[in-house]
Amino acid sequence: YSLLTTRYSLLPPTMDLTHLDARNQPQMVDVGAKTVTARTAHAVVTVSLPPELARLIASSEIQSKKGPVFQTAILAGIMGAKKTSDLIPLCHPLPLDDCKLEIETRPPAPGGSADVVIHARVSTHGKTGVEMEALTAASIAALTLYDMGKAVSHGIVIRDLRLLEKTGGKNDYRAS
């Protein structure tokens, strides 16, 4: 605990981290006075599949003993979005209006890896945004692809998890 306190106390006083109180201790942000508005977020992640797994993807929807791979990843991503506040300590639990995941495959380079791009779009009407839910949905879907594909190869790479867009609240955001 003292190492954690010391580390936080090294932050410059000009930093405005909303999840730290005046004593640099973790806190949940008080959203009680905020107005309920429509909130959306769109996150994306890329999963690079090694050649042997990429060949299976190119030929058809791959199956595993755990079920249809892409459909299972979509369901896992939706479940992850719904459980975000259980996974990220200071996130508010939010009722989600919608959560959609899309999986796009890109053809493999000759003899190389193939990219699978996962888009997660989440919406709610609430006092706080759904960025963490969208990011969690995308990452859990990617981890599910890894889990289901590792029987073929452990050379799967999950990369470039990022927020592309958020709307609602004080500021909208769009990645450039």
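These are my notebook entries on one predicted protein model.

**Entry 1: confidence**

I began with the confidence of the prediction. The protein has a mean pLDDT of 86, and 85% of its residues reach 70 or more. Helix α1, residues 2–9, has the lowest confidence, with a mean of 51. Strand β6, residues 157–167, has the highest, at 98.

**Entry 2: elements and totals**

I listed the secondary structure next and found five helices and seven strands. Read from the N terminus, the order of elements is α-β-α-β-β-α-α-β-β-α-β-β.

I also noted some totals for the chain. Of the 176 residues in the protein, 36% are buried. The accessible surface is about 10500 Å², and carbon and sulfur atoms account for 58% of that surface. For contacts between residues at least 6 apart in sequence, I recorded that 68% join residues at least 24 apart.

**Entry 3: the sheet**

I traced an open sheet of five strands, in the order β4-β5-β1-β6-β7, with antiparallel pairing. Its edge strands are β4 (98–105) and β7 (173–174), each of which pairs on one side only.

Which residue of β7 does E165 stand opposite? I found R174 there.

Helix α3 lies across β4 and β5, the latter spanning 114–126. The angle of α3 to β4 is about 145°.

**Entry 4: S153**

Is S153 buried or exposed? I take S153 as buried, because its relative accessible area is 9% and the cut-off for buried is under 20%.

I then looked at what surrounds S153. A polar atom of the S153 side chain lies 2.9 Å from the backbone nitrogen of G155. With neighbours within four places in sequence set aside, S153 is in contact with P50 and E52.

**Entry 5: recap**

I close with the points I would look up again. The sheet order is β4-β5-β1-β6-β7, with α3 across β4 and β5. For helix α1, I keep the mean confidence of 51 on record.

Methods:
Residues are numbered from 1 along each chain as its sequence is written. This is a predicted model: local features need pLDDT of at least 70, side-chain atom pairs count only at pLDDT 80 or more; totals for chains, interfaces and linings use all residues. Side-chain values use heavy atoms; hydrogens and water are left out. pLDDT is the predictor's confidence in each residue, from 0 to 100. Helices (H or I, at least four residues) and strands (E, at least two) are DSSP runs, numbered from the N terminus. Two strands pair if DSSP finds at least two bridges between them. Contact means heavy atoms within 4.5 Å. Axes are lines fitted to C-alpha atoms, for helices over the stretch in contact, and angles run from 0 to 180 degrees between N-to-C directions. Buried means under 20% relative accessible area, exposed over 50%, partly exposed in between (1.4 Å probe, protein chains only). A polar contact is a pair of N or O atoms within 3.5 Å; within protein, one must be able to donate a hydrogen and the other to accept it, and residues adjacent in sequence count only if both atoms are side-chain atoms. Accessible areas come from the Shrake-Rupley method with a 1.4 Å probe; for residues, only the protein chains shown count as cover.
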